[in-house]
Amino acid sequence: MYRILKKEVLSDVVKLMEIEAPHVARRARAGQFVIVRIDEFGERIPLTIADYDRDRGAITLIFQELGKSTIQLGRLRTGDSIASFAGPLGHPTEIENYGTVACVGGGVGIAPIYPIARALKQAGNRVISVIGARTKELIFWEEKMRAVSDALIICTDDGSHGRKALVTEPLKELLENREMKISRVWAIGPAIMMKFVTLATRPYTVPTTVSLNTIMIDGTGMCGGCRVLLEEGSKFVCVDGPEFDGHKVDWDNLLSRLTFYRDEEKRALDLYNHKCNLDKATVAEDR
Amino acid sequence: MGELTMQERMKIKRHAMPNQDQEARRGNFSEVALGYTAEMARKEADRCLQCKDPQCIKGCPVGVMIPQFIKALREGDMVKAVEWMKVKNNLPAVCGRVCPQEVQCEGHCILGKKGEAVAIGRLERFVGDFELEHRTCPLVKAAGTGKKIAVVGSGPAGLTCSVDLARQGHHVSMFESLHGPGGVLIYGIPEFRLPKSVVHGEIGYAVDCLGIELKTDHVIGRSFTLGELLEDYDAVFLGTGAGLPSFMRIPGINLNGVMSANEFLTRVNLMKAYQFPDYDTPVRIGKKVAVIGAGNVAMDAVRCSVRLQRILAERNATAPGEAHIVYRRSSGEIPARMEEYHHAREEGVIFDLLTNPVEILGDEKRAVKGLRCIRMELGEPDKSGRRQPVPVEGSEFVMDVDTVIMALGTNPNPIVFVDAEGLDRTRQGTAVADAATGRTMKKRVWAGGDVVTGAATVISAMGAGKRAAADINAFLKGENTWD
Ligand SMILES: Cc1cc2nc3c(=O)[nH]c(=O)nc-3n(C[C@H](O)[C@H](O)[C@H](O)COP(=O)(O)OP(=O)(O)OC[C@H]3O[C@@H](n4cnc5c(N)ncnc54)[C@H](O)[C@@H]3O)c2cc1C
Ligand SMILES: Cc1cc2nc3c(=O)[nH]c(=O)nc-3n(C[C@H](O)[C@H](O)[C@H](O)COP(=O)(O)OP(=O)(O)OC[C@H]3O[C@@H](n4cnc5c(N)ncnc54)[C@H](O)[C@@H]3O)c2cc1C
Ligand code: SF4
Ligand code: SF4
Ligand code: FES
């Protein structure tokens, strides 16, 4: 069992948890992920390592409550434990001094982009960061991002914070601006956002690294459920990635594969909510 | 009753295995083969001729002392039967259920030459189940030696190696990347063929009795590397299996509804998707399923499909659907265990033999809507003497299917070979290791099971784990050196 050392509520639907897992923390690096299973009945879900503390043997996760598993995880408290925690999985981000780079984080993707931006900054890059979300409440780690970026641009879809724009808009302007000399882009967020980032950078032939979030089971290369279609053929995201050259990804294939279990996901969530409501009702009755 | 004569023994007919009702079992995941009663087992044991030069033993990859355990069994001395069994085989309840007996022990039994072989596998299962229930043959740990061994992988190879080393008094840490131990026994082979309670019973007992340290969620190559293990342990055994699935190189493999048998079986068995939504992991099965291949993995996948289809149909009050095996050779070449092939037929699986897929067709939503296949015929025998299937020109046709499961064989997962300089591997990715000792080309590293042989059998993996344990033990005791 792995203990929850700390929990923070970053927004209504975004939570941070620090979890005790020395076997993962010892070799964890930016860009890698873990597979989490909450209890005996749980599914194995992948979550990015948002931060790590080797001395305390702790891993920080940030997750968005989307369906049954993430909502259930979000209800756990400091001191509770989860059943499985495997990792660090996947390849770490390749960090070098590229000159000027742009780091784009959308929604919960702000979490995994942070350690990458930090590492790039430490490697001597000029880091321009763009973070965005639907609305103000979903933006978190603004100060942390600012601290590791030479410039930070914030966008929201509804204009409640920063610019009213999609992240691709300021990104295009940065690329258009010849003096900027953006030599590389990292983008992490919903698949649809990453797709549009790669469409935006393609005309400028700026290498664009994305971190793919396919459906996974084992996370160690033995099921092939996470496979993605690249120009050169099929790859397993969990062992060959999770980062890939975004210009080579068949996005429509990825997007369609992400929806495969939608009906079942909805059913699991409805049932879970129903159970929770029943629990609440019985608790109320007991009182 | 006095001793039976040879003639009398030979007149006894082989006892059929009581099975769950053909119709009922299509709709559940409970075990199909129910096991002999004590009476049946005794009578089946009476058939054995107690040969002076028993051929059966030669057919068993670990040399189980077959006549001895059968003799004890028929004399009613179950404790002794278990003891004889355990001389060579720690997991009889598993092997009795899953060994391909018809080509191993039973394939060599003298009675099989003219009639039907002694049902060695079924007797072995009977003995194994007795031991699981009564625990008459406790595992004992020798005095501590102070030596530490890391075993990577908890499948049959790693388990056997761990048990044998722990009994010698060594400290064993068993690293497993998944959340539970057992390897293919828990993630691949379905409940209806090998109940998980049997696997958990065997592993739990061994781990508890011998104080084996079980480290699940540890992916070697990621959490720790082989090099790091060598710093902390006196010896390392790799039993990481051959879990990497392969996909056919045909158009359409990334469509929704195409999956590897590994994904399908992992969802169903390890994650218990057949109990969704009580368990969180879902599995999607269509009305018309094509499983490509005809080995044990394919049979397991197709029989799981039949059950899921039936469960869904009953829930939604619809027709149950169809499950096909698509195989490019003929029935004579089917590599699966005979019993599984028969059970699959009984359960209504449709066999499309001499048929090879060439393309998976998708609809506008990128979901599978058909499988284009070509008919095959058996051509000239090749160097190995097997007649090779060759396509029949102009025979292409489209099968109406919505789910395609690829069961085409697997290779070793390379993830463990990070930081493993000096450890030679073949072109197929298997570790190079000495067959007699399990020694790899890297000092203090042994390997065995599917990671060395490629996908093989439970018992051959156990045998490799056993041989490696013996060599590791001798090495650690200074009875032999590495070079
Ligand atoms: C390598 C990797 C790293 C990830 N890191 C993070 C992270 O740091 N923080 C975080 O919040 N999420 C992360 N994800 C996504 C996360 O795994 C999913 O959100 C989670 O599995 C959803 O489970 P659920 O049961 O709560 O929701 P479900 O009921 O399974 O799904 C709810 C909704 O989310 C969508 N969805 C399902 N799986 C995924 C997925 N893998 N990616 C995107 N959308 C999905 C479904 O289509 C559905 O609409 C990562 C995914 C991968 C592959
Ligand atoms: C569906 C299916 C049905 C089968 N049916 C039969 C049958 O009826 N009869 C029969 O005899 N054989 C059968 N086989 C074959 C048999 O199961 C295998 O030959 C046998 O399990 C091999 O044992 P192993 O210990 O070498 O590997 P495995 O059983 O594969 O175990 C390897 C273990 O190592 C773990 N591992 C891998 N990499 C790492 C790592 N880097 N770090 C930590 N752990 C790791 C894996 O998670 C796994 O648990 C079947 C196989 C399958 C897939
Ligand atoms: S271990 Fe397998 S091959 Fe050996 S005797 Fe038992 S059933 Fe037969
Ligand atoms: S070969 Fe057959 S008859 Fe002879 S000892 Fe073995 S099981 Fe008995
Ligand atoms: S998640 Fe199973 S192979 Fe990647």
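Ala, Val, Leu, Ile, Met, Phe, Trp, Tyr, Cys and Pro count as nonpolar, Asp, Glu, Lys and Arg as charged, and the others, Gly among them, as polar. The model is predicted: local features need pLDDT of at least 70, side-chain atom pairs count only at pLDDT 80 or more, and totals for chains, interfaces and linings use all residues. Residues are numbered from 1 along each chain as its sequence is written, chains are lettered from A and ligands numbered from 1 in written order, and side-chain values use heavy atoms, without hydrogens and water.

**Exercise 1.** Sort the shell around ligand 3 by residue class.

*Solution.* Collect residues with a heavy atom within 4 Å of the ligand. Among them are B:Cys60, B:Asn89, B:Gln101 and B:Glu124. The shell divides into 8 nonpolar, 3 polar and 1 charged.

**Exercise 2.** Find the strand order and the edge strands of the open sheet in chain A.

*Solution.* Take strands as DSSP runs (E, at least two residues), numbered from the N terminus. Two strands pair if DSSP finds at least two bridges between them. The order is S5-S6-S2-S1-S7, with antiparallel pairing. S5 (51-53) and S7 (81-82) of chain A are the edges, as each pairs on one side only. Inside the sheet, 7 bridges join S2 (residues 14-20) to S6 (residues 58-64) of chain A. In that pair, A:Lys15 stands opposite A:Phe63.

**Exercise 3.** State the area that chain A and chain B bury between them.

*Solution.* Buried area is the accessible area (1.4 Å probe) that two parts lose on being put together, summed over both. Here that is about 4,100 Å², 52% of it on carbon and sulfur atoms. In chain A, A:Met222, A:Phe260 and A:Tyr261 lose the most area to chain B, together 17% of what that side buries.

Note on methods: Helix = DSSP H or I, 4+ residues; strand = E, 2+ residues; numbered from the N terminus.
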